[in-house]
Amino acid sequence: MKTLIVLCAGGTIVNDKPIYLNTHPDGGLIAKKAIENIYQETYDRVIYTILDRECYEYDADVILSNELRATREIEIVRLEELTKGPADTVYKTIKAANIEGSIAIRDSLGSMELTERLEGNFIVGLNLLTYNDSIQRIKSKGFIVANEQNIVLDFMEKRFCSDIISAGLYGFKKGDDFIESYLRLSDPAYNIPRVSVGHVMEHLIGYKDRKFKLGYTQVFEDWGDQIAWYEMQRKRATVFIDLDSMLANKKIDALSEKTIKKMRIVSQNGMRFVFYYAGMTQDSIAEFRRFLVDNDIEYIAFIDRKSQSKEKYFVNSEEDFDKITLGL
Amino acid sequence: MQITNMSGFSGCKVLLYDDENLLFVRKISGSIEYNNRLQLQMEKQKNFKSAFVGVPAIIDSGFDNGLFYFDMEFLQGITLAEKLKTMRVGDIHKYVEILGEFLFEQGGNNSEMAVESFGRKIDQLSNDLKNKNETVCEALGLLKKHDWKMLPCGTCHGDLTLENIIIHDGNLYLIDFLDSFFDSWVLDVATMLQDARCLWSFRNNDKVNNNTLVRMMIFNDLLLDFIKNKQPDKMIDIYFALLLKLVRILPYCNDDKTELFLNEKIGMVMKMIEKEDQL
Ligand SMILES: Nc1ncnc2c1ncn2[C@@H]1O[C@H](COP(=O)(O)OP(=O)(O)OP(=O)(O)O)[C@@H](O)[C@H]1O
Ligand SMILES: [Mg+2]
């Protein structure tokens with residue numbers, strides 16, 4: 001029996017709801033994206049752990065069931081109150097849902113793409129040496145040390161001991177192993193304030209000599225908190241670029257190398273460019289399009305706005321529209 | 001040429017010297033009264049033999065301005081206390097096994113002497129700590145009642161804190177020996193538990209790194225498992241020795257925070273004893 005547990009309970013609130021109930025810029029529910037590309041179909045059970053309160057306030061249970069119906073059957077564990085930490089949430093989920101056999105835990109909300117199917121004791125890491133994008137709050141990550149056979153030798157939370165960070169998916173061959181270590185780590189004599197899933201793995205390696213396999217993801221997005229969330233929004237923002245103003249004298253070679261390079265990187269990372277113009281000829285526009293293609297800069301549209309007015313407005317609501325048309 | 005000062009807390013000076021490319025450590029008594037104990041320390045270090053752990057070789061000794069000193073080999077390394085914080089979690093068991101073997105190597109036989117030595121020590125403590133508080137009285141009562149005669153009397157380090165173990169070239173070395181009122185490896189285990197189980201060295205840290213706590217716990221549990229596997233009957237003596245260690249600090253304790261800390265740990269160890277008793 002294999003169970004995947006997705007920890008959602010008590011997440012940060014953005015847009016007036018928990019992050020996991022938000023929609024990703026590319027369309028899917030965050031809670032749904034969290035189980036994509038991790039071989040969710042190989043699990044017998046997939047369980048989302050949420051808070052009771054989130055059901056009353058946000059209809060979390062209804063939304064999850066509806067949104068995931070087309071993907072797969074899921075179960076929902078509703079916890080009455082916030083737990084002492086991620087490992088505690090897992091423990092309570094195991095108890096509440098009578099989970100037996102092996103478990104995998106998705107402990108942070110984000111996206112990843114496993115390069116291979118993982119089973120038993122494992123952890124998924126992201127190699128910072130080969131990953132090119134930026135990472136938020138690197139200090140808060142867990143760091144993994146592994147040998148050349150990808151056996152985990154060490155794991156430390158918030159300590160720079162390697163180039164590989166935990167991407168937020170862990171496997172435990174035996175759920176009972178997890179429980180035993182978690183209960184030991186809860187000993188008040190040691191007063192570990194928030195036992196994490198990583199601590200449990202650390203304990204199993206050190207005390208029980210369990211072997212964990214390190215698997216990799218090349219893709220990594222973290223939406224675990226407000227900063228990370230807004231960073232993701234910013235990364236995938238739609239950017240309207242006024243070509244007449246940006247290209248001084250309407251010459252393409254007026255753009256600096258630095259800007260060109262940056263445009264290439266951010267467009268490939270999800271930023272959407274919309275170019276608009278008024279005073280440029282069709283020939284210059286064609287030339288500029290070729291220039292974008294040559295430089296691997298992606299865009300979604302060119303708009304001839306057919307007005308040389310310097311005023312441009314963004315309208316997000318009727319109120320906005322009222323404001324800009326006041327007195328006209 | 002003196003390079004650096006490495007002194008600990010005992011009042012002795014520990015200095016690192018570089019004498020024509022020979023690095024050595026000089027440990028100098030803090031007072032004339034302490035001369036004798038430092039001399040005993042040196043003797044203990046000199047006579048030390050083990051197949052599992054080493055000691056820095058003694059190079060020289062003498063007196064300077066009436067203060068005894070001895071010179072020993074400098075072992076460039078890191079103390080086990082420090083190493084544990086960042087050690088690969090999978091390596092902890094290797095060090096535990098070496099220490100475990102070393103402890104058993106100290107051997108010793110049961111002797112009536114233990115009953116007498118501990119009896120005297122505990123009586124004296126009861127006197128010093130009269131009417132301290134309920135927990136302490138209860139602890140003293142337990143200590144008095146305990147039968148110490150199964151305690152092996154052999155050799156021991158005397159102050160086997162994690163700070164007094166140096167890892168050098170992957171091997172363990174012991175420094176800072178201390179004469180003890182009774183020589184038993186069980187007391188050495190208790191000293192290690194003072195940190196590994198009671199977190200004594202961390203008492204003044206507001207926030208101890210979680211990784212460090214996890215490692216301390218693993219070290220503690222592996223060490224106790226190792227002993228339990230080979231000599232299960234010694235567990236109760238180890239806990240009693242730990243209780244005694246904690247109570248013995250109380251008379252020297254002059255601030256509320258430390259006293260509170262000790263009280264809490266004494267309570268905890270009594271619970272451990274109760275649990276062990278039930279087995
Ligand atoms: N031979 C040595 N080689 C390398 N380092 C040494 C050596 N002797 C001592 N040290 C370093 O100096 C520190 C203090 O030494 P030692 O423990 O002997 O002194 P102490 O003042 O008695 O300490 P404490 O008060 O903690 O007992 C040690 O923790 C160790 O880091
Ligand atoms: Mg010392």
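Chain A of this predicted model has an open sheet of 3 strands, in the order β13-β14-β15, with parallel pairing. At the edges sit β13 and β15 of chain A, each of which pairs on one side only. Going from one strand to the next, the twist averages 25°.

Let's walk across that sheet. Strand β13 (residues 238-242) of chain A runs parallel to strand β14 (residues 272-277) of chain A, and 5 bridges join the two. If you want to find this pairing on screen, look for T238(A), whose bridge partner in β14(A) is R272(A). Another landmark is D242(A), which stands opposite Y276(A) in β14(A).

On to the next pair: β14(A) and strand β15 (residues 301-304) of chain A pair in the parallel sense over 4 bridges. Here V274(A) has A301(A) in β15(A) as its bridge partner. How does the chain get from β14(A) to β15(A)? It passes through helix α10 (residues 282-294) of chain A, and this β-α-β crossover is right-handed.

Chain B has a sheet to set beside that one. Its 3 strands form an open sheet in the order β6-β9-β10, and the pairing is antiparallel. β6 (78-79) and β10 (171-174) of chain B are the edge strands; each has a single partner strand, so one side of each is left without a neighbour in the sheet. Between β6(B) and strand β9 (residues 165-168) of chain B, the antiparallel pairing rests on 2 bridges. T79(B) is the residue that stands opposite I166(B) in β9(B).

Now for the helices of chain B. Two packed helices are described by the angle between their axes and the distance between the axes. Here are two such pairs.

| Helix pair | Angle between axes | Axis distance |
|---|---|---|
| α4(B) (residues 112-128) and α5(B) (residues 134-145) | about 160° | 10 Å |
| α3(B) (residues 92-105) and α7(B) (residues 210-230) | roughly 40° | within 9 Å |

Take α4(B) and α5(B) to begin with. Angles over 145 degrees count as roughly antiparallel, and α4(B) and α5(B) are therefore roughly antiparallel to each other. Their crossing is left-handed. From α4(B), the contact is made by I122(B), L125(B) and S126(B), and from α5(B) by L140(B), L143(B) and K144(B). Sorted by class, the contact of α4(B) with α5(B) has 4 nonpolar, 1 polar and 1 charged residues.

The other pair crosses at roughly 40°, so α3(B) and α7(B) are oblique to each other. α3(B) passes α7(B) in a right-handed crossing. Among the residues making the contact are V96(B), L99(B) and F104(B) of α3(B), and I218(B), F219(B) and L222(B) of α7(B). The contact also includes H93(B), E97(B) and G100(B) of α3(B), along with R215(B) and K230(B) of α7(B). By class, the residues of the contact of α3(B) with α7(B) come out as 10 nonpolar, 2 polar and 3 charged.

Which helix of chain B gives the largest share of the side that touches chain A? Across the two chains, 14 residues of chain B are in contact with 18 residues of chain A. On the chain B side, α3 and α7 each supply at least two residues. The largest share, 8 residues, comes from α7(B). By class, the side of chain B that touches chain A has 8 nonpolar, 4 polar and 2 charged residues.

Key. Residues numbered from 1 in each chain as written. Chains lettered and ligands numbered in written order. Predicted model: local features only at pLDDT ≥ 70, side-chain atom pairs only at ≥ 80, totals over all residues. Pairing = 2+ DSSP bridges. Right-handed = clockwise from strand over helix to strand, strands pointing away. Axes fitted to C-alpha atoms, helices over the stretch in contact; angles between N-to-C directions. Parallel < 35°, antiparallel > 145°, perpendicular 65-115°, else oblique. Left-handed = near helix turned anticlockwise from the far one by under 90°. Contact = placed C-beta atoms within 7 Å. Nonpolar A, V, L, I, M, F, W, Y, C, P; charged D, E, K, R; others polar.
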